[in-house]
Amino acid sequence: MAAAAIRAGQLVAFPTETVYGLGANALDAAAVARIFAAKQRPSTDPLIVHLADASHLERITADIPPVVERLAERFWPGPLTLVVRRGAHVAPNVSSGRDTVAVRVPAHPVAHALLAACDLPIAAPSANLFSRPSPTTAQHVLADLDGRVDIILDGGPATIGLESTVIDLTQTPPVLLRPGGVPAELLLDVLPDLRVPAAPLIAAEGEAASSPGTLLKHYAPHATVVLLRGDAAAARHVAQAIVALLHSKGLRAGLLVPDEESPLYAGLQAEVVGLGPSADLLAVARYLFARLRELDSLGVDLILAREVDAAGLGLAIRDRLFRAAEGRVLDAGAPFDLARWLATLPPGFAVANPQQECSARRRI
Ligand code: TXA
Ligand code: MG
């Protein structure tokens, strides 16, 4: 039924090992246009094409660089996306008119079954509304896209929880465009000249950048997020001052902290949600987006999220939190002026007071 829907040009949300995708026939421009409309995604941000098997690559690209074979052998099926030259059959709007196309072979059995049954390449971005946290359960998809998608396949929670790593093989040397499920360290084994940007790539809005999809605001919950950097004791100290200030203004704080730091925050007037143990980045990654959505459902106005180490999956976790925070980083180790810091937040935080019943989050 889902495969028939894809063949008929409809939209099918399906599970992958990374996050849920919102799929349509990649060879049908009208079907692909429905993806952009359903997600309210700018047409300048290209989509990833999913294949059942690496042997189907020639359906979507005319030019397969030799390194693709080695990458595919090692990382497919799995959370790695390769940007290569676009073949003539792929609908141009998949690639936002570029002459390149992003492709991956997902590892999830339901995704594989869907791709095999429809025998078509499926274009699929994450199945969330544009700029919202990516969906890692079918319930997240429903929350964002109810009424905008024809079928949702429920394959349970995603195991990786973060999107695929995207690398551009059309540039020399190849460039890591988005850290993700395959850690950069592993890619360097196969691609020793891979350029791994030291800081998150950031594109200006509307910019036809070489790295589309790198907008600063991305993966964001409704609450305002701030990334809290620094050692545990300093972070606790700063968080306490912020929580007290917000409380005095009638606003609610959420804290997203590694499990081992959670006890430090007991007793504060804040919703404390564990990120998972910082020694287990697989667990942190798996539930990261679900945790952001959970804090939203608790109705907090501001989320202070602790920064994690950048090694391994940590690079992707950091990237997602940085974008959820729209680049707001607070270094707890640096001198801290609460009033000045407050002025860096959206205006609702400065004016709110206990007499005003509505929260800053609703007014912003
Ligand atoms: O794990 C994933 O990759 C998930 C699942 C559903 O496969 N998909 C996903 O898609 O995250 P999306 O659309 O949310 O992110 C695709 C990223 C964007 O940053 C986009 O700009 C980039 O891939 N991308 C797609 N085509 C590209 C191209 N031709 N050149 C450069 N970047 C491209
Ligand atoms: Mg996305």
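Start by selecting helix 9 (314-324). Helices (H or I, at least four residues) and strands (E, at least two) are DSSP runs, numbered from the N terminus. Helix 9 is mostly covered, with nine of its 11 residues buried; buried means under 20% relative accessible area, exposed over 50%, and partly exposed in between (1.4 Å probe, protein chains only). The model is predicted: local features need pLDDT of at least 70, side-chain atom pairs count only at pLDDT 80 or more, and totals for chains, interfaces and linings use all residues. Residues are numbered from 1 along each chain as its sequence is written, chains are lettered from A and ligands numbered from 1 in the order in which they are written, and side-chain values use heavy atoms, with hydrogens and water left out.

Colour the buried residues of helix 9, among them Ile317, Leu321 and Phe322. What lies over them? The cover of these buried residues includes strand 9, strand 10, strand 11 (253-257), helix 8, strand 13 and strand 14 (329-331).

Glutamate 326 has a positive phi of about 50° and is not a glycine. Most residues other than glycine have a negative phi, and most peptide bonds are trans. Glutamate 326 is partly exposed, at a relative accessible area of 32%.

Another residue of this kind is serine 131, whose phi is positive at about 75° although serine 131 is not a glycine. Look for serine 131 in the loop between strand 6 and helix 5. Serine 131 is buried, at 17% relative accessibility.

Stay in that loop and select threonine 137, which sits between strand 6 (122-123) and helix 5 (138-145). Is threonine 137 buried or exposed? Threonine 137 is buried, at a relative accessible area of 16%. A polar atom of the threonine 137 side chain lies 3.1 Å from the backbone nitrogen of histidine 140. Leaving aside neighbours within four places in sequence, threonine 137 is in contact (heavy atoms within 4.5 Å) with Tyr20 and Pro157.

Next, show the salt bridges. A salt bridge is a side-chain nitrogen of Lys or Arg within 4 Å of a carboxyl oxygen of Asp or Glu, and by this rule the count comes to 18. Select arginine 293 and aspartate 144, whose side chains form one of them at 3.2 Å, N to O. Arginine 293 lies in helix 8 (residues 281-297) and aspartate 144 in helix 5, so the pair ties together parts that are 149 residues apart in sequence. Arginine 293 is buried at 10% relative accessibility, and aspartate 144 is buried at 8%.

Arginine 291 is partly exposed at 23% relative accessible area, and glutamate 294 is partly exposed at 32%. Then show Arg132, Asp144, Arg293 and Asp296 together: salt bridges that share partners join them into one network.

Now turn to the open sheet of nine strands, with the order 7-1-2-6-3-5-4-8-9 and mixed pairing. Its edge strands are strand 7 (151-152) and strand 9 (175-178), each pairing on one side only; two strands pair if DSSP finds at least two bridges between them. Strand 1 (residues 12-14) and strand 7 run parallel and are joined by two bridges. Zoom in on alanine 13, which stands opposite isoleucine 152 in strand 7.

Two prolines come next. The peptide bond from tryptophan 76 to proline 77 is cis, with omega near -5°, and proline 77 is in the loop between helix 3 (67-75) and strand 4 (80-85). The bond from threonine 172 to proline 173 is also cis, with omega near -5°. Proline 173 lies in the loop between strand 8 (165-168) and strand 9.

Finish at ligand 1. Which of the 25 residues around ligand 1 come nearest? They are Thr18, Arg41, Asp45, His50 and Ser164, where being near takes a heavy atom within 4 Å. A polar side-chain atom of serine 164 lies 2.5 Å from an oxygen atom of ligand 1. The arginine 41 side chain has an N or O atom 2.9 Å from an oxygen of ligand 1. Taken alone, ligand 1 exposes 690 Å², and the protein buries 97% of that; accessible areas come from the Shrake-Rupley method with a 1.4 Å probe, and for residues, only the protein chains shown count as cover.

Conventions
Polar contact = N/O pair within 3.5 Å; in protein donor to acceptor, adjacent residues only side chain to side chain.
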